[in-house]
Amino acid sequence: MKNEQLKNSTIFPLGEKVDAANFIGDAYLQMVFTDPTPLNTAIGNVTFAPGARNNWHSHNVGQVLLVTGGEGWYQEEGKPAQSLKSGDVVNIPPHVKHWHGATKDSWFVHLALTPGETIWLEAVDEETYNKLHD
């Protein structure tokens, strides 16, 4: 597996395994910042095992992803998936349906800045995910 060392995360602790209802595969969350002042933005360090991804979802206020390790995917509904690597930044506008997660053979870590509610939707089907080329 690529980036095997990321199973221990990069900067922040690995955290707890996330709710399987909104993810496929093993993913972990360590909240880094939850104080509502001054930014009113939660910051979570999310670590995806190879092949793991979250369900389609949207955010009422939007979201920013800061990729800190590994290789992953980001896809907005109706658009091709984008390959992500360390140093990439994704600015997700409010109410845009999307998903993100690891490639099939690499761990993937990002910080998620999420100032508002997440609306969880259906799982990313295997056909959609398997069409992506690592």
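**Group meeting: aromatic pairs in a predicted model**

Hi everyone, let's begin with the surface: the chain exposes about 6,700 Å² of accessible area, and 55% of that belongs to carbon and sulfur atoms (Shrake-Rupley method, 1.4 Å probe; for residues, only the protein chains shown count as cover). This is a predicted model, where local features need pLDDT of at least 70 and side-chain atom pairs count only at pLDDT 80 or more, while totals for chains, interfaces and linings use all residues. Residues are numbered from 1 along each chain as its sequence is written, and side-chain values use heavy atoms, with hydrogens and water left out.

On to the fold. You'll find one helix and 12 strands in the chain (DSSP runs numbered from the N terminus: helices are H or I with at least four residues, strands E with at least two). In sequence order, the pattern is β-β-β-β-β-β-β-β-β-β-β-β-α.

Phe23 belongs to strand E2 (residues 23-24) and Trp120 to strand E12 (residues 118-120), so the pair ties together parts 97 residues apart in sequence.

Phe23 is buried at 14% relative accessible area, whereas Trp120, at 33%, is partly exposed (buried is under 20%, exposed over 50%, partly exposed in between; 1.4 Å probe, protein chains only). Together with Phe48 and Phe108, Phe23 and Trp120 form one aromatic cluster. Thanks, everyone!

Methods: Phe/Tyr/Trp six-rings, centres within 6.5 Å; stacked < 30°, edge-to-face > 60°.
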